[in-house]
Amino acid sequence: MASVAEAGRARRVRRASGRAAGPGAWFLVLPALIPILVLSVGPLLYGILLAFTDAQSGRTTPTAWTGVLNFRDLLHDTLFWESFRIGLVWAVGVTVPQFLLALGLALLLDQDLRLRWLARALAIVPWAMPEVVVGIMWRLVYNPDAGILNETLRDLGLGAGRDWLSGLATALPAVIVVGVWAGMPQTTVALLAGLQNTPRELHEAAAVDGAGAWRRFRTVTWPALRPVALAITALNLIWNFNSFALVYVLTNGGPGGRTRLPMLFAYEEAFRYGQFGYAAAMGCVMVAVISVLLAVFLAGRLRGGEDA
Amino acid sequence: MRTRPAARAGQYAALLAYLLFLAFPLLWLLSTAFKSPRELGSLHPTWIPRHPTLANFRQAFDEQPLLHAALNSLLAALGAAVVAVLIATPMAYVTARRRGPLARAASGWVVVSQAFPFVLLVIPLFLVLKNLRLIDSLAGLVMVYVVWALPFALWMLTGYVRAVPVELEEAAAVDGAGRLRTLVSVTAPLLAPGIAATALFAFVTAWNEFFFALVLLKSPGNQTLPVVLTHFIGAEGVADLGPLAAAALLATLPSLAVFALVQRRITGGLITGAVKS
């Protein structure tokens, strides 16, 4: 694995090499560039165009330009904004606890503890599981009659069982817990790798100087971890805001739309009601919001003076 | 560094809590998959099946075309992994070895591609594939998965290429090896583990993918495993718990095996990418 030092050296000698340069390089790039342009950039631009048409699933091409009509309708679509709000609550509700738990865990796993290997081995599982399976598994846990959660609560004397995923008040918290569970290992592993890039000597020097655990964290650990932490948090916010499969399997947006994330809403609009243009407009609004989120995070990253 | 005993105890308590949180749904899935229908109907569920049975697995295969779906998933994932690596490796080589607009565009692309709401991508793709008569076909799905896996593949591979010292290539050049010769006999062998890790990552991603498969594949004979799994959950959300658990368990095993194999390398690849982009 490339260390930062190696990368720095590679950069320094790159000027001297220049062997990959020249027109030959294009032959190496085109096999990837063409599919990216045709199947990704192209469709994306086409998708933005569709947002300004009356495209519907029944026809292969839109019949009329409708200008900003879709966006105007969207502005007044209270259900969409409700799903948007739920999407934000879900994204923040998953990302923040996940980050804090993962940070604590990464610090823990960086210590010399006995069961560390088990934690690391187990952490692979949620990460590797298909989201659909994670959803199915938690449906089994949450099941009001045959699930283990209610049985455990009964055993602990914590009252009668609930139907967690169908309760108006409990559904969103219940799916957020699953979101935290599913993404925590990945965040932990990323933070752990970031921790292990921190030079040990710095910790030891700080300890010799009499710095307590909190001061060591603030002055040594966090500055080194910050770039990784910001990158993973920004990505998690975006991924969570755009997530689909987990909640589709857990609640399919129910009960009464309480867990209907924007992607679920757009999916229904496009593939159940066939409103391609309208759904594309939703996608555009989501991109705009995500871009703002990204910009805020990148600004934070630059303010910290880290090499970006 | 010395740690006080009280702090140590606290650390172990936290670790234990984490292990419980991580393990209990997994163990429950395992337990449910091996329970008899009678036990599943019991009002006081137990952790350990009293009469462990494989009947759920048999019933799962009877109810849904699991084997066929697994084959579809395998084909889609293999196709995506092989094609993605074949076309990403040369590009990663170029972006790693030279600075310039191309390298900047590539790393910018990686970031931007993470931000797409897939719905904005899937509607036009649906129309394009429909016009190409590739809708409801594995070939069409593989094309989508390749492009979907490319950003991360590029990201990981660029890191791996940077880890191969340029000096080795230069030494080969001094010894009179041509550019192609250098790439094939010096760079490629050093890059091979990284390429393998990237391919396996693309494989797992495609194996687990749900949204595109749900939208693009309509006929039951073409559907992949995650889509078929959702058929176990009825329209009203009523599910046959035993077969559902059994099928879910089976669907996880391949990606778990692959992931256990290369998890360390994937983490490394992601981190080097994240820190340097």
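This is a predicted model: local features need pLDDT of at least 70, side-chain atom pairs count only at pLDDT 80 or more; totals for chains, interfaces and linings use all residues.
Residues are numbered from 1 along each chain as its sequence is written, chains are lettered from A and ligands numbered from 1 in the order in which they are written, and side-chain values use heavy atoms, with hydrogens and water left out.

Let me begin with chain A. Its secondary structure comes to 13 helices and 0 strands; here helices (H or I, at least four residues) and strands (E, at least two) are DSSP runs, numbered from the N terminus. Of the 308 residues in chain A, 54% are buried. Buried means under 20% relative accessible area, exposed means over 50%, and partly exposed lies in between (1.4 Å probe, protein chains only). Chain A exposes about 13,800 Å², and carbon and sulfur atoms supply 64% of that area; accessible areas come from the Shrake-Rupley method with a 1.4 Å probe, and for residues only the protein chains shown count as cover.

I turn now to the interface. The size of an interface is often given as the accessible area lost when the parts come together. How much area is buried between chain B and chain A? The value is about 9,700 Å², of which carbon and sulfur atoms give 77%; buried area is the accessible area (1.4 Å probe) that two parts lose on being put together, summed over both. On the side of chain B that touches chain A, the largest share, 20 residues, comes from helix α12 (residues 241–276) of chain B. In total, 102 residues of chain B are in contact with 106 residues of chain A, where contact means heavy atoms within 4.5 Å. Between the two chains there are 0 salt bridges, a salt bridge being a side-chain nitrogen of Lys or Arg within 4 Å of a carboxyl oxygen of Asp or Glu.

In chain A, E151(A) and R154(A) meet in a salt bridge of 2.9 Å, N to O. Both lie in helix α7 (residues 148–155), 3 residues apart, about one turn of the helix.

Finally, the backbone. Most residues other than glycine have a negative phi, and most peptide bonds are trans. The loop between α11 and α12 of chain A holds N252(A), whose phi is near 50 degrees, a positive value. P255(A) is in that loop also, and the peptide bond from G254(A) to P255(A) is cis, with omega near -10 degrees. In chain B, R133(B) has a positive phi of about 55 degrees and is exposed, with a relative accessible area of 75%.
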